[in-house]
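Here are my notes for your first read of this chain. Keep the structure open beside you and take the points in order.

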Amino acid sequence: MIPVTEFRQFSEQQPQFRVLKPWWDVFTDYLSVVMLMIGVFGCTLQVSAQTTSLCVVMLMIGVFGCTLQVRQDKIICLPQKMTMYNQTILLPNKTAVQPDVHEMMGRKTNLDFQQYSFINQMCYEKALHWYAKYFPYLVLIHTLIFMVCSNFWFKFPGSSSKIEHFISILGKCFDSPWTTRALSEVSGENPEEKVLLDIKKSRAILNVSVEGNLDSLEKTQSLKSIPEKIVVDKPTASALDKKEGEQAKALFEKVKKFRLHVEEGDILYVMYVRQTVLKVFKFLLIIAYNSALVSEVQITVKCSVDIQDMTGYKHFSCNHTMAHLFSKLSYCYLCFVAVYGFTCLYTSYWLFYRSLKEYSFEYVRQETGIDDIPDVKNDFAFMLHMIDQYDPLYSKRFAVFLSEVSENKLKQLNLNHEWTPEKLRQRLLTNHNDRLELQLFMLSGLPDTIFEVTELQSLKLEIINNVSIPASIAQLENLQELSLYQCCLKIHSTATSFLKEKLKVLRVKFDDSRELPHWLYHLRNLEELYLIGSLSPDASKNVGLESLRELKHLKTLSIKSNFTKIPQSIVDVSSHLQRLYIYNDGTKLVMLNNLKKMVNLTELELVHCDLERIPHAVFSLTNLQELDLKENNLRSIEEIVSCQHLHKLTCLKLWHNSICYIPEHIKKLGSLERLYFSHNKIEILSPHLFLCNKLRYLDLSNNDIRFIPPEIGVLQSLQYFSVTCNKIENLPDELFFCKKLKTLKLGKNMLSLLSPKISYLVLLTHLELKGNHFELLPPELRFCRALKRGGLVVEDILFETLPSDIRDKMKAE
């Protein structure tokens with residue numbers, strides 16, 4: 001037998017699924033149980049007319065086991081007025097008896113029990129209307145179909161997986177301590193009052209649930225226990241520990257992924273609509289044919305069966321023993337089906353006349369003050385509408401995990417747990433500007449604890465989204481330097497006022513306009529500004545650089561971008577700008593006339609600007625002390641003669657170009673102290689180069705030089721000389737007359753002999769010889785007393801050619 005308990009799966013789900021069952025589904029479930037009891041009761045009556053078990057007992061019996069015919073007392077038949085068969089009645093003793101009309105009434109028929117049973121069965125099958133016979137089974141089948149229709153979306157794989165996932169997330173969100181914390185913090189409400197409100201609502205839900213389904217509440221955690229747990233275990237906002245914060249963070253990620261997955265389709269809505277439409281169709285069908293056939297259930301049934309050979313009778317009068325009760329049950333059943341059908345019609349109205357594929361959290365936003373909760377659509381919206389039919393409190397608490405404001409609050413809390421002031425102080429380092437610097441990389445936000453490190457002078461933030469600088473930054477009284485590398489920044493108005501007064505150095509690396517802070521144009525005490533990103537003089541292209549005229553104290557401006565001309569915004573600070581660095585990433589810088597207005601420039605770098613000549617505008621900068629034209633396309637520098645008007649020019653960097661020779665006009669740059677010609681294509685050194693007798697630093701590495709003129713001995717102030725990666729075969733003795741040399745780099749050449757006159761360089765601290773053809777080193781290196789093993793760059797095997805006492809002396813600290 002198949003017990004009724006096996007069919008409970010059609011009407012019962014996991015207890016937590018009750019939140020997706022609105023009142024009409026609960027009501028129709030109870031109606032289905034009543035109708036099932038009617039069907040089971042009717043089937044049981046079919047089994048035995050003498051059976052009088054209670055309906056509760058019937059439900060425990062097998063539904064289909066009840067159809068086993070234990071006793072066949074469904075109908076009782078008697079022969080009608082007897083007609084003679086060959087005018088005689090054959091008695092069992094085969095004696096012909098003449099009929100006695102006066103003895104017909106009440107006379108025994110001489111039919112045995114088996115014959116009566118046979119007659120009852122035949123008449124039941126042939127004469128009784130099918131509706132009267134199968135009414136209980138029809139009730140059972142229709143009721144089971146109703147149950148399946150009501151709960152099919154909970155069982156269908158495509159929809160049940162989403163429902164299970166949603167219910168799991170919903171319960172965790174409702175139970176999370178962060179929910180109460182967020183509702184109180186973001187909306188500015190008292191957390192204790194908020195918890196008490198949740199308790200009252202949950203207790204009301206609990207009372208209804210206890211009346212409806214006590215067993216389910218005993219198996220699962222009741223709504224009452226959720227807020228009580230928050231009150232007892234987490235009574236205040238400060239009690240949210242790190243573990244709970246991490247769990248809430250994981251919930252935010254789950255909700256985001258689940259929303260993206262569910263909002264793509266509407267399978268849940270379609271399944272629910274289809275099963276509702278099917279129930280309405282079934283309701284109309286049942287009402288139609290039951291109303292027409294209920295009259296066929298009659299107590300007296302006329303039966304004519306051709307069984308004279310076996311019983312001696314053809315016509316019988318039968319009594320359907322359960323007809324009266326079946327008639328009453330059928331009318332009762334029709335009433336329940338009518339109520340069921342009208343409930344389904346209401347459900348259909350709710351489905352088709354309301355926008356269930358869109359869900360607005362407007363009332364939640366108004367009540368909680370969380371303004372950024374997004375509206376949702378499709379299956380996500382449909383499930384939330386169903387949840388509201390159970391209790392709107394669920395949607396309200398679930399909405400917390402859709403809010404970016406709430407998520408940012410949680411991230412902030414987790415950050416504060418992870419980055420304590422002590423841990424931040426351990427990461428403090430001194431940067432190249434001799435300031436105490438804290439560098440934070442790829443965090444989810446800016447921890448509030450950073451504002452407790454009051455000794456901080458430089459703050460460097462890299463690849464941090466949603467950086468929010470509150471008014472509490474004013475606690476960092478020593479802050480002077482701020483670096484923002486690919487950080488989307490939000491700043492409080494009070495914090496802006498603080499930065500206007502305190503900030504001296506600002507570095508910003510950005511990819512789009514959101515990462516370029518607009519408040520930088522108002523930092524009136526800013527002295528150094530470094531920008532890295534795509535900028536354009538045309539505001540319609542990429543990110544435009546606005547006017548910098550409010551930066552009255554700006555002295556250093558560095559921009560790594562892709563200009564085609566010097567923007568007007570730079571010219572706005574020309575009166576006080578002293579250092580300008582432009583790194584153009586290979587974009588050709590064409591219009592440079594605006595440089596003429598920057599008369600106070602002392603340092604100018606035009607790097608990777610695709611320049612083919614030294615710009616003439618540079619020669620107007622009479623205060624210029626350092627000029628860097630690195631990584632351009634310079635081939636000829638004949639115009640270098642105009643640099644003689646730059647009397648303060650002490651450093652000229654023409655490295656990483658395509659210069660083939662150095663013109664003799666170089667001698668007119670008498671003020672030069674540092675000269676960079678490395679990474680070019682120079683083959684011959686002009687003797688006029690060494691007439692710049694103030695040179696202290698000369699870099700000619702990575703060229704094609706084969707010979708060094710003896711005029712190099714004129715450079716008596718030379719301290720640094722590099723000719724690495726060239727093709728030099730011999731060194732002039734005059735080189736060793738430059739007695740102030742401290743660094744001499746001769747590596748990767750074709751030298752085979754090092755002159756003993758190396759001993760003249762008593763101040764030598766760094767000597768690079770590696771990559772040549774030396775066979776031994778001169779012992780005269782002993783006189784280079786400042787030269788140590790760490791400063792001697794040479795092969796180990798060549799170092800071993802020195803006398804042991806020299807080696808020991810060099811190895812000594």
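1. Buried means under 20% relative accessible area, exposed means over 50%, and partly exposed lies in between (1.4 Å probe, protein chains only). The term covers a pair of cysteine sulfur atoms within 2.5 Å. In general, a disulfide is a covalent bond between the sulfur atoms of two cysteines.

2. **Ground rules.** This is a predicted model: local features need pLDDT of at least 70, side-chain atom pairs count only at pLDDT 80 or more, and totals for chains, interfaces and linings use all residues. Residues are numbered from 1 along each chain as its sequence is written, and side-chain values use heavy atoms, with hydrogens and water left out.

3. **Geometry and reach of that pair.** The link of Cys77 and Cys318 is right-handed, with 110° about the S-S bond. It connects distant parts of the chain: Cys77 sits in strand β1 (residues 75–79) and Cys318 in strand β5 (residues 315–320), 241 residues apart. Helices (H or I, at least four residues) and strands (E, at least two) are DSSP runs, numbered from the N terminus.

4. **A second pair.** How many disulfides does a search of the whole structure find? The search finds 2. Besides the pair above, a disulfide joins Cys123 to Cys303, with 2.2 Å from S to S. The torsion about the S-S bond of Cys123 and Cys303 is about -90°, so this disulfide is left-handed. Distant parts of the chain are linked here as well: Cys123 belongs to helix α4 (residues 113–126) and Cys303 to strand β4 (residues 300–304), 180 residues apart. Cys123 and Cys303 are both buried.

5. Number the bonded cysteines of the chain in sequence order, and the pairing reads 1-4, 2-3. Cys335 is in no disulfide; the nearest cysteine sulfur, that of Cys332, is 6.3 Å away. Cys344 is buried, with a relative accessible area of 2%.

6. **Helices α12 and α14.** Helix α12 (residues 267–293) and helix α14 (residues 323–352) pack at an angle of about 150°, with their axes 9 Å apart. Axes are lines fitted to C-alpha atoms, for helices over the stretch in contact, and angles run from 0 to 180 degrees between N-to-C directions. α12 passes α14 in a left-handed crossing; that is, the near helix is turned anticlockwise from the far one by less than a right angle, while clockwise would be right-handed. The contact includes Tyr272, Val280 and Phe283 of α12, and Tyr340, Cys344 and Leu345 of α14. Contact means heavy atoms within 4.5 Å. By class, the residues here are 17 nonpolar, 6 polar and 1 charged. Ala, Val, Leu, Ile, Met, Phe, Trp, Tyr, Cys and Pro count as nonpolar, Asp, Glu, Lys and Arg as charged, and the others, Gly among them, as polar.

7. **A residue of α14.** Leu325 lies in helix α14. At 31% relative accessibility, Leu325 counts as partly exposed. Leu325 and Val297 are 28 residues apart in sequence, and their C-alpha atoms are 9.6 Å apart in space.

8. **Helices α16 and α17.** The axes of helix α16 (residues 378–390) and helix α17 (residues 392–399) come within 6 Å and cross at roughly 135°. Phe380, Leu384, Ile387, Asp388 and Tyr390 in α16 meet Pro392, Tyr394, Ser395 and Phe398 in α17. These contact residues divide into 7 nonpolar, 1 polar and 1 charged.

9. Asp585 has a positive phi of about 55° although it is not a glycine. Asp585 is in the loop between β19 (579–583) and β20 (603–607), and is partly exposed at 47% relative accessible area. His679, not a glycine either, has a positive phi of about 55°. His679 lies in the loop between β23 (674–676) and β24 (697–699).

10. **The whole chain.** The chain has 23 helices and 28 strands. Of its 813 residues, 48% count as buried.
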